[in-house]
Amino acid sequence: MEIRSVRELELKGKRVFLRVDFNVPLDKRGEITDDMRIRAALPTINYLLEKDCSVILASHLGRPKGKVVEALKLAPVKKSLERFLGKSVMAAPDCVGPEVEKLAGQMKEGELLLLENLRFHLEEEKNDKGFSERLAKLADLYVNDAFGSAHRAHSSTVGITEFLPSGAGFLLEKEVTVLSKLLEKAERPFLLILGGAKVSDKIGVVKNLLNRVNTIILGGALAYTFIKAKNWDVGNSRVEYDKLDLVKAILEDARKRRIEFHTPLDHTIANKIAAKATYIITERGAIPSGWIGVDIGPKALEEYKGCIGRAKTIFWNGPMGVFEIEPFAKGTMEIARALASAAAYTVVGGGDSLAAVKKAEVIEKIDYLSTGGGASLEFLEGKTLPGIAALQEK
Ligand code: AMP
């Protein structure tokens with residue numbers, strides 16, 4: 001997939017609008033709890049500074065839905081950025097308008113200006129042409145490094161490319177390279193590990209990867225819809241009944257293709273999803289009524305570790321259980337550790353899986369951590385991401 005790179009742009013001394021993904025998690029006091037997305041944007045920012053550019057940084061944060069929300073202002077991001085870059089970053093009061101245009105117009109080489117949350121304006125998410133033009137007015141060139149937002153056709157990811165010469169930043173490029181490799185030339189055996197809450201969020205990935213993977217292993221709540229489809233008792237575990245037919249068709253397709261398709265051999269089940277729940281281990285098909293599957297069991301874990309040991313390529317998205325509650329986190333943590341010691345090329349995506357990898361202190365041992373949860377899933381579903389297509393057309 002050919003997209004124009006930031007390296008191909010005439011950068012020297014130019015004013016660049018850099019769309020980044022600074023949609024970081026904040027705690028109740030407004031402190032950033034994970035700055036991975038900020039760190040991931042640094043190579044492109046530093047590259048632009050080396051080329052004597054003045055850099056206008058733009059991002060969304062949270063879901064303010066077109067209104068100014070005090071708690072979603074980008075001030076904490078500015079502080080964190082200044083610490084990483086070792087230089088000051090100017091903060092704009094908004095992302096468009098005369099005052100911002102004036103600030104942008106006065107920028108000198110090597111200066112940085114952080115625009116206020118793009119989603120304080122409803123037009124951003126509507127990919128409004130006028131709004132895109134107002135954003136474009138601030139700069140000479142456009143660079144998109146916000147892979148996490150590439151699946152959205154918004155003004156700052158798509159519309160703006162109509163008005164400025166555009167290119168991809170290093171993070172976006174790297175994400176596209178790694179995920180394309182999974183789709184096009186993954187070394188086999190290729191293992192897909194999926195967990196998390198909903199079948200509907202991940203079914204597209206399973207479908208698109210069915211003719212590419214050798215093995216699929218499932219955990220998390222979504223596994224119970226598959227188990228139910230095989231007519232095993234799931235007690236009160238979470239099942240998406242409207243997806244049963246779809247899941248049956250996928251199981252049949254996987255069988256025809258001779259894909260190894262594993263659902264957990266055993267489970268940790270609990271009488272409720274809470275820290276103070278009663279919990280026991282039970283075999284597959286033996287979850288009594290009133291009990292909920294909350295984690296994969298020890299036999300499942302052993303089997304899954306075997307699959308991980310045999311694979312040459314692994315993609316993991318989604319926790320194996322309700323990992324936020326300590327006694328139900330074992331499956332997820334062990335999978336993170338098994339990936340870390342695997343010989344395979346390992347790619348992990350999705351906020352919860354990344355959090356597990358972090359908690360298990362094995363970040364350095366995973367080959368690639370994808371910063372874009374939804375965007376990486378859509379990419380692996382085989383969809384054309386609008387933010388990437390916009391950089392191809394130019
Ligand atoms: P996702 O965002 O789709 O990756 O889903 C992550 C969420 O799935 C986490 O908050 C987990 O607590 C939840 N989850 C994982 N396993 C289960 C389960 N067996 N039952 C209910 N929720 C689960």
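Modeller: A residue is called buried at under 20% relative accessible area, exposed at over 50% and partly exposed in between, with a 1.4 Å probe and protein chains only. This is a predicted model, in which local features need pLDDT of at least 70 and side-chain atom pairs count only at pLDDT 80 or more, while totals for chains, interfaces and linings use all residues. Residues are numbered from 1 along each chain as its sequence is written, and side-chain values use heavy atoms, with hydrogens and water left out.

Biologist: Why is Lys 65 called exposed?

Modeller: Lys 65 has 58% relative accessibility, and the term requires over 50%; therefore Lys 65 counts as exposed.

Biologist: What makes Asn 127 partly exposed?

Modeller: The relative accessible area of Asn 127 is 25%, a value between the two limits, so Asn 127 is partly exposed.

Biologist: How do you know that Arg 19 is buried?

Modeller: Arg 19, in strand E1 (residues 15-19), has a relative accessible area of 0%. The limit for the term is under 20%, so Arg 19 is buried.

Biologist: Why is the pair of Arg 19 and His 60 called a polar contact?

Modeller: A polar contact is a pair of N or O atoms within 3.5 Å; within protein, one must be able to donate a hydrogen and the other to accept it, and residues adjacent in sequence count only if both atoms are side-chain atoms. The side chains of Arg 19 and His 60 are joined at 3.1 Å, so the pair is a polar contact.

Biologist: What makes the pair of Asp 52 and Lys 12 a salt bridge?

Modeller: The term needs a side-chain nitrogen of Lys or Arg within 4 Å of a carboxyl oxygen of Asp or Glu. For Asp 52 and Lys 12 the N to O value is 2.4 Å, so their side chains meet in a salt bridge. This pair links distant parts of the chain, 40 residues apart: Asp 52 lies in the loop between helix H1 (36-50) and strand E2 (54-58), and Lys 12 in the segment before E1. Asp 52 is partly exposed at 26%, and Lys 12 is exposed at 60%.

Biologist: How many salt bridges does this rule give?

Modeller: The count comes to 19. Among them is the bridge of Lys 305 and Glu 302, at 3.8 Å, N to O. These two residues are three apart in helix H10 (residues 298-310), so about one helical turn separates them. Salt bridges that share partners join Glu 302, Lys 305, Glu 334 and Arg 337 into one network.

Biologist: Which residues does the cis peptide bond join?

Modeller: Arg 188 and Pro 189 are joined by a cis peptide bond, with omega about 0°. Most peptide bonds are trans. Pro 189 lies in the loop between helix H6 (170-184) and strand E7 (190-194).

Note on methods:
Helix = DSSP H or I, 4+ residues; strand = E, 2+ residues; numbered from the N terminus.
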